[in-house]
Amino acid sequence: MTAVLSVLIPTRNRPEELSSLIKILEKVESESLEFIVSDNSDLPLSISTVSPLIRFVRPSRVMNMTDHWNFLAVQASGTYLTFVGDDDALIPTELRRLVDFLAGRDEDFVWTPAAGYVWPASGKPANFFQKSYRSHHPLPLPIAREKVARLEADMDIPLPYNRVVFKRTLAEKFISRVPDGRFYSSRIPDINAGVKILFLSSSQCSYPFTVFISGTSPSSNGLLTRNEPDHPKAKEFNNTSFNPLPQS
C-alpha cells in the first residue's frame, strides 16, 4: 500500500533529540503514513523502535545538509512529503487527521499552522508558541510568486519543513525538466525547496489544525550559528568545504 504521507527525518549526531522524537512517532498508528529516519552521524546511532511505520536508513558517507536531504527524499514512497527535524515534534492525533484530510484532496501543497517549541536549557524554562495568522488564508499563487520575486519582507514561502506538505510529483517534475537538477539545493534546502514548490504548483489549500512543532534545542544549527559561532557544530555548518556555498 502506497503511503499518503512520508515524513522525512534527517539526523546527525543528536541521539538525545532523536530519541525524544521517536517516542512521539511511536504513538502514531496509521497504515497511510511512513516515517523515514536518515542517520547521517559520524558513527551509527544505537536507536531502535517498535513501530512498523518507522524505517531507518543511512548514507554510505557523511553528507552535508543539502546532499543529505536529497538522499533522504528518494527513499520516500508517499504521495505527499514533508521534513521534520530531529529536535522537532508533532501531534500524533492531528497527524492522523491530516492524513485522512490528504487522502481526499488533490492540491499540490497544503499549509499547516506554524508552531514552535524552545527546549529548556541553562535554567531557562521551555516555551511553546504558535503563529497561524497566515496559514488559514494563503495568498493566491500568482500574488505570492510576485512577492517572492520582489523579495518582499512579508512574503510567505511554503517551507516543506514543519509547515507544508507537498506532492512528491512536484520534485519529480523539476528533476525531469532540469538537467542534473537537484530539488533540494543551496545551503538552506528548505527555503530553496519552498520557492520551487511555490512556482511549480497550480493549487494549494490549508489545514486548520496544528500538526508539526518546530523545535529549538541547545544544539540547533540556527541557534548555535547565531549565539555560539565558535561551537563545533556551528563551525561545521559554516564550513564551506563541507557545506558549500551556492554556485553562481
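Among the contacts in the protein with a separation of 6 or more, 73% are accounted for by residues 24 or more positions apart. The structure described here is a predicted model, and the protein in it has eight helices and 11 strands.

Helix α3, which runs through residues 92-103, may be taken as an example of a single element. Its 12 residues reach 17 Å from the first C-alpha to the last, close to the 16 Å expected at 1.5 Å a residue. Buried residues in α3 are Pro 92, Glu 94, Leu 95, Leu 98, Val 99 and Leu 102. Because they cover an arc of only 155° around the axis, these residues lie on the same side of α3. The exposed residues Asp 100 and Ala 103 are carried by the face of α3 that is turned away from its buried side.

When its neighbours within four places in sequence are left aside, Leu 53 is in contact with Val 28, Glu 29, Ser 30, Leu 33, Glu 34 and Phe 35. From Leu 53 to Ser 6 the C-alpha to C-alpha distance is 9.9 Å, although the two are 47 residues apart in sequence. Leu 170, in helix α5, is likewise buried, with a relative accessible area of 1%. Not counting residues up to four places away in sequence, Leu 170 touches Asp 108, Phe 183, Ile 197, Leu 200 and Ser 201.

The aromatic rings of the protein form 10 pairs. In one of them, the rings of Phe 166 and Phe 183 have their centres 5.8 Å apart and their planes at 20°, so the pair is stacked. Since Phe 166 lies in strand β9 and Phe 183 in the loop between α5 and α6, this pair ties together parts that are 17 residues apart in sequence. Both residues count as buried, Phe 166 at 0% relative accessibility and Phe 183 at 1%. Phe 183 also pairs with Tyr 184, and here the ring centres are 5.1 Å apart with the planes at 90°, so this pair is edge-to-face. Tyr 184 is buried, as is Phe 183. Phe 166, Phe 183 and Tyr 184 belong to one aromatic cluster together with Trp 69, Phe 83, Tyr 161 and Phe 174.

Finally, the backbone may be considered. Most residues other than glycine have a negative phi. Leu 151, however, has a positive phi of about 55° although it is not a glycine; Leu 151 lies in the loop between α4 (141-149) and β9 (164-167) and is exposed, with a relative accessible area of 67%. Ser 186, also not a glycine, has a positive phi of about 70°. The place of Ser 186 is in the loop between α5 (168-177) and α6 (189-200), where Ser 186 counts as partly exposed at 25% relative accessibility.

Definitions and conventions:
Residues are numbered from 1 along each chain as its sequence is written. This is a predicted model: local features need pLDDT of at least 70, side-chain atom pairs count only at pLDDT 80 or more; totals for chains, interfaces and linings use all residues. Side-chain values use heavy atoms; hydrogens and water are left out. Helices (H or I, at least four residues) and strands (E, at least two) are DSSP runs, numbered from the N terminus. Contact means heavy atoms within 4.5 Å. The expected span of a helix is 1.5 Å times one less than its number of residues. Buried means under 20% relative accessible area, exposed over 50%, partly exposed in between (1.4 Å probe, protein chains only). The arc is that of the directions from the helix axis to the C-beta atoms. Rings of Phe, Tyr and Trp (its six-membered ring) pair if their centres lie within 6.5 Å; planes under 30 degrees apart count as stacked, over 60 as edge-to-face and the rest as tilted.
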